[in-house]
Every structure is written in structure tokens, then in C-alpha cells.
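The tour goes from one selection to the next and says what is found at each stop.

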Amino acid sequence: MERETVIRDRFKVFKTLMSYGYNTDLKIIKLDTDELVMKTGLNRSEIAIAIGIKKSLKTGKLVTYLNGLEGVNEGKIKK
């Protein structure tokens, strides 16, 4: 149940970023924290998620992050 909430919250923030015009990898990667605070209506925990999305794009692990699987050894994920 907890993981479902994490996934839901992360996708909500991802959708919010898209609605504010941050709709490409490069735009999100270049997103400045000050700009994020000033231009969006995100609260503190949502800003933390947005920063997590930014970091995961830089490392090429966006899907892993959005699905709440960061920190999980990819070799041990059940298919």
C-alpha cells in the first residue's frame, strides 16, 4: 500500500511539471530549484519529489524512480 502511494505522488508531481511546461528531459534537468519554488504551486514534499525526478533523469533511471524502485538491486527485481 505504501509503495502505491509513493508511485501516485510521484506521477502527480511529474504530471504537474508537464503542465507548467517542463515537458522534456532537458527542461527538467535544467530546472533550477528557485524557479521550481517560484513558478509552481508545489509544497515542500512535492518539491523533493520534483528534485528526485530531476536527479533520476540525469542518471537515466526515471522509470525506476517513478515506480519507487530506487535503491533496489536491479538484478533482484522479480519479473
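The stops below concern salt bridges and then a threonine in a loop.

This is a predicted model, in which local features need pLDDT of at least 70 and side-chain atom pairs count only at pLDDT 80 or more, while totals for chains, interfaces and linings use all residues. Residues are numbered from 1 along each chain as its sequence is written, and side-chain values use heavy atoms, with hydrogens and water left out.

Side chains of opposite charge can pair when their charged atoms come close. With a salt bridge taken as a side-chain nitrogen of Lys or Arg within 4 Å of a carboxyl oxygen of Asp or Glu, the count comes to 3 salt bridges.

Select R10 and E70 to begin, whose side chains meet in a salt bridge with an N to O distance of 2.8 Å. R10 belongs to helix α1 (residues 2-19) and E70 to the segment after α5 (62-66), so this pair ties together parts that are 60 residues apart in sequence; helices here are DSSP runs (H or I, at least four residues), numbered from the N terminus. R10 is buried at a relative accessible area of 10%, whereas E70, at 38%, is partly exposed, where buried means under 20% relative accessible area, exposed over 50%, and partly exposed in between (1.4 Å probe, protein chains only).

Next, select E46 and K12, which form a salt bridge at 2.9 Å, again taken from N to O. This pair also links distant parts of the chain, since E46 sits in helix α4 (residues 44-59) and K12 in helix α1, 34 residues apart. E46 counts as buried, with 12% relative accessibility, and K12 is partly exposed, with a relative accessible area of 48%.

Finally, select T40, in the loop between α3 and α4. Is this residue, T40, buried or exposed? With a relative accessibility of 8%, T40 counts as buried. A polar atom of the T40 side chain lies 2.5 Å from the backbone oxygen of L36. Leaving aside residues up to four places away in sequence, T40 touches Y20 and E35, a contact being heavy atoms within 4.5 Å.

Notes. Helices (H or I, at least four residues) and strands (E, at least two) are DSSP runs, numbered from the N terminus. A polar contact is a pair of N or O atoms within 3.5 Å; within protein, one must be able to donate a hydrogen and the other to accept it, and residues adjacent in sequence count only if both atoms are side-chain atoms.
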